[in-house]
Amino acid sequence: MAKYIVKRVLLAVVTLFLVCLITFFSMNAIPGGPFNGEKAKSQAVIDALNARYGLDKPLGQQFINYMTGILHGDFGVSLKTNREISTIIGESFPISAKIGLMAIVVALIFGLILGCVAALNRNKWPDHVIIFFVTLFTAMPSFVMASFLLLVFCIQLQWVPVWSTTSHNYILPVIALSLPPMSYITRLTKTSMLDALGQDYVRTARAKGVKPTKVIFVHTLRNALIPVVTYVGPLTASILTGSLVVEKIFTIGGLGSKFVDSITNRDYPLIMGTTIFLATIMILMNLITDIVYKIIDPRIKLE
C-alpha cells in the first residue's frame, strides 16, 4: 500500500506539472494579449504593463519564473484587479464548494434510493419510469438543465429569484448539478443491486429466514455500494471543478465564474491559478478514491 501511494503521489506531481506546462503555453499561443481590451491603449502603455508583470520576457523564462513563484506559494496577482490570486481563490472557492457538496449529497441520496427501488421492482412500472427519467437526465448536460431551470422557474414562473442573498439562490444550481450524477448513480446502484441479489450469500440468507429488510440493507446494499464509492471520488472532483458554466448562468460568485471571466479577460495569472487549484482537487480525489477502494475491498490489488 505504501509503495502504491508513493507511486501515485509522484505520478500526481508529474501530472500537475504537465497541466501547468500545457495550460501556460496554450494560453500564450492564442493571438492577442491581456491588455488588448475594448479601449485602445498606446504601444508605450502596453509595453509598460508587460514589463510590470514580466510579460516582456521570453515564454520559457516566464514559465520558469512562474513555477518558481508557485514553489514559494506565490500564485501572482490578477492582471485586471491587481489582487492576489490566492485571495481570489480563497474567497470564491467556498461558494463553489458549498453548492458542489450539496449537489453531491442530493445526488447520492436520491441516486441510491431510486436505484434500490428500480432494482427491487425490476421490469415493473416504477422501474420503467425511473429508468426513463434517469436516461433523460444523463443525456442532458448540466448547463442545458441550468438554462432550462432558469427559463422556467426564474423567468416564466418567477418562483425563484435569479440571484439573491438568501439560501433560495442555491436551489436551482444544486438541482442542475446533481441531476446528471444522480442519474448515473441510480443506474449504477440498480445494476449492482441486481448483481448482488443473484449471489449465493443472498439466497442463503433468504433460505435461513432472514428478514427482507436485513437482506436488502445488510447483505445486498453493502456490497452494491462498492462501485458507487468508486464513483464518489471522481464525482466530487467533477462537480467541484465542473460547475463553471452553471455558476456563470446563475451569476454565482464562485470560483467557476471567476475562471470563465479570467478566460474572457485573458487574465493569465488567474487562469493558471484556478487551473492548478482545480487540477489538484481532481488528482487528490482520484488518489483518495483508489485508497478507499482498497480499504473497502482488501482483495483488490493495486499495482
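Predicted model: local features only at pLDDT ≥ 70, side-chain atom pairs only at ≥ 80, totals over all residues.
The chain contains 12 helices and 0 strands, so that the order of elements from the N terminus onward reads α-α-α-α-α-α-α-α-α-α-α-α. Of the 303 residues in the chain, 40% are buried.

Two packed helices are described by the angle between their axes and the distance between the axes. For helix α4 (residues 85-120) and helix α11 (residues 255-265), the axes come within 7 Å and cross at roughly 125°, which means that α4 is oblique to α11. On the α4 side the contact is formed by I88, I89, S92, F93 and S96, and on the α11 side by L255, G256 and K258. When these residues are sorted by class, the contact of α4 with α11 comprises 4 nonpolar, 3 polar and 1 charged residues.

Most residues other than glycine have a negative phi. In the loop between α4 and α5 (125-139), however, N123 has a positive phi near 65°, and this residue counts as exposed because its relative accessibility is 57%, where exposed requires over 50%. A positive phi of about 55° is likewise found at R266, which is not a glycine and which is located in the loop between α11 and α12 (268-296). With a relative accessible area of 15%, under the 20% limit, R266 is buried.

Notes: Residues numbered from 1 in each chain as written. Heavy atoms only, no water. Helix = DSSP H or I, 4+ residues; strand = E, 2+ residues; numbered from the N terminus. Buried < 20%, exposed > 50% of the residue type's maximum accessible area, 1.4 Å probe, protein only. Axes fitted to C-alpha atoms, helices over the stretch in contact; angles between N-to-C directions. Parallel < 35°, antiparallel > 145°, perpendicular 65-115°, else oblique. Contact = heavy atoms within 4.5 Å. Nonpolar A, V, L, I, M, F, W, Y, C, P; charged D, E, K, R; others polar.
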